[in-house]
Amino acid sequence: MTTAAVASLIVGLIIGYLGQRSRMCFVGGIRDFILVRDTFLLKGLIAFGLVAWIAFPIAEQLAGNLSTLDASLDTTTLIFTLVGGLGVGYLSVLANGCPFRQHVLAGQGIMSSVTYLAGFYVGAVIFHLVVLPLLLRIS
Amino acid sequence: MAATELKHWVANRPRAKVRVTGLQTGIVMALLAVIVGTFFAVRPPEAYGICMACHGRDLINSLLNSNIGTRLTVSQASLVFPLLTTVGVVIGAGIGAVSSGEFKRRTPDNPVRTFIYGVLVMNFALLAAGCSIRLLLRFAHGELLGFLGFGGMVLGVVTATYWLQWRAQR
């Protein structure tokens, strides 16, 4: 299992470097296209989706472990996923970049993104201590 | 004398400005996400190769769990040792910025608001079980929930962009 940690660190280093050089952002592509018809980042977003879509079945064939899809499809999960996606998209535009872009900017010395990341990690703890138990009680 | 010369050289050394396009980054990120997810044990859950929110959650929660004895949720892939994607991204971006002379400390103009954005984006991302990257990754993996989450995200981005445009034009 430490394999995963080492592999993820290496992947992080590579995509962090590339993300800094290309200013890649997963909400910025759509935003830039709407505002100024710029497709630089949008191409990256579409390419990510297409390449992953083609690579998944090939990789799973090679590894010999076919994954199972959609374990739970109850109404709560459907609503959570839709609302969560909406919130991530809407707020990431207001915050000036997706979480990935904010990590890159933080590494670049932008203190605003460092503050964002502080909120981001505190947010994870808040979610598991307060928000999720509360939501599960309501639903 | 040698020290001042060295300082001068460090300040003015030729910078390698490597140019990378969004398209190239997207392709490499997708391949890496699929490869670590399938061959390097970054699973379960499925389609977990790259996710800034979930991997960040795993990191902070397992740090707290092992240091102050909490029992916060950690994904199975991070049980033994937390995934370090987020740490890698910050360091990798730092290397890219320093090597190209783009590293610059800039103070935030509204720290309270950015902090709250951070809290909110993390909460919504964990609710959907994925940041913008993983929602697309799950969609590409063929999950209905991925499609729903990614669709919601696109809708959110479009709404917010038009709202900002409308506010700027008023």
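B:Glu143 and B:Arg138 form a salt bridge in which the closest N and O atoms are 3.1 Å apart, a salt bridge being a side-chain nitrogen of Lys or Arg within 4 Å of a carboxyl oxygen of Asp or Glu. The structure is a predicted model, in which local features need pLDDT of at least 70 and side-chain atom pairs count only at pLDDT 80 or more, while totals for chains, interfaces and linings use all residues; side-chain values use heavy atoms, without hydrogens and water. Residues are numbered from 1 along each chain as its sequence is written, and chains are lettered from A, with ligands numbered from 1, in the order in which they are written. Both partners of this pair are buried, B:Glu143 at 9% relative accessibility and B:Arg138 at 5%, where buried means under 20% relative accessible area, exposed over 50%, and partly exposed in between (1.4 Å probe, protein chains only).

Over all chains, the search of the whole structure finds four salt bridges. One of them links A:Arg21 to B:Glu102, with the closest N and O atoms 3.3 Å apart. A:Arg21 belongs to helix H1 (residues 2–22) of chain A, whereas B:Glu102 sits in the loop between helix H4 (85–99) and helix H5 (111–127) of chain B, so the pair joins two chains. The helices named here are DSSP runs (H or I, at least four residues), and strands are runs of E with at least two residues, both numbered from the N terminus. A:Arg21 is buried, with a relative accessible area of 11%, while B:Glu102 is partly exposed at 29% relative accessibility. Between chain B and chain A, the count is one salt bridge. Within chain A, the side chains of A:Arg31 and A:Asp32 also meet in a salt bridge, at 3.1 Å from N to O, and both of these residues are buried.

Chain A contains six helices and zero strands, and from the N terminus on its elements run α-α-α-α-α-α. Its C-alpha trace spans about 40 × 40 × 35 Å along the principal axes, and buried residues make up 53% of its 139 residues. Of the contacts in chain A with a separation of 6 or more, 37% are accounted for by residues 24 or more positions apart, a contact being heavy atoms within 4.5 Å.

Helix H2 (residues 28–36) of chain A has as its buried residues A:Gly28, A:Gly29, A:Ile30, A:Arg31, A:Asp32 and A:Ile34. These buried residues pack against helix H3 (40–63) and helix H4 (75–94) of chain A, together with helix H7 (144–169) of chain B. Just after H2 of chain A, A:Arg37 takes a positive phi of about 55 degrees.

The contact between the two chains takes 108 residues from chain B and 96 residues from chain A. Together the chains bury about 9100 Å², of which 79% is on carbon and sulfur atoms; buried area is the accessible area (1.4 Å probe) that two parts lose on being put together, summed over both. B:Val121, B:Leu127 and B:Leu145 supply 7% of the area that chain B buries against chain A, more than any other three residues. In helix H7 of chain B lies B:Leu148, which is partly exposed, with a relative accessible area of 23%. Leaving aside neighbours within four places in sequence, B:Leu148 is in contact with A:Leu78 and A:Leu82. The C-alpha atoms of B:Leu148 and B:Leu136, which are twelve residues apart along the chain, are separated by 9.9 Å.

For B:Ala129, phi is about 55 degrees; B:Ala129 lies in the loop between H5 and helix H6 (132–140) of chain B and is partly exposed, with a relative accessible area of 30%.
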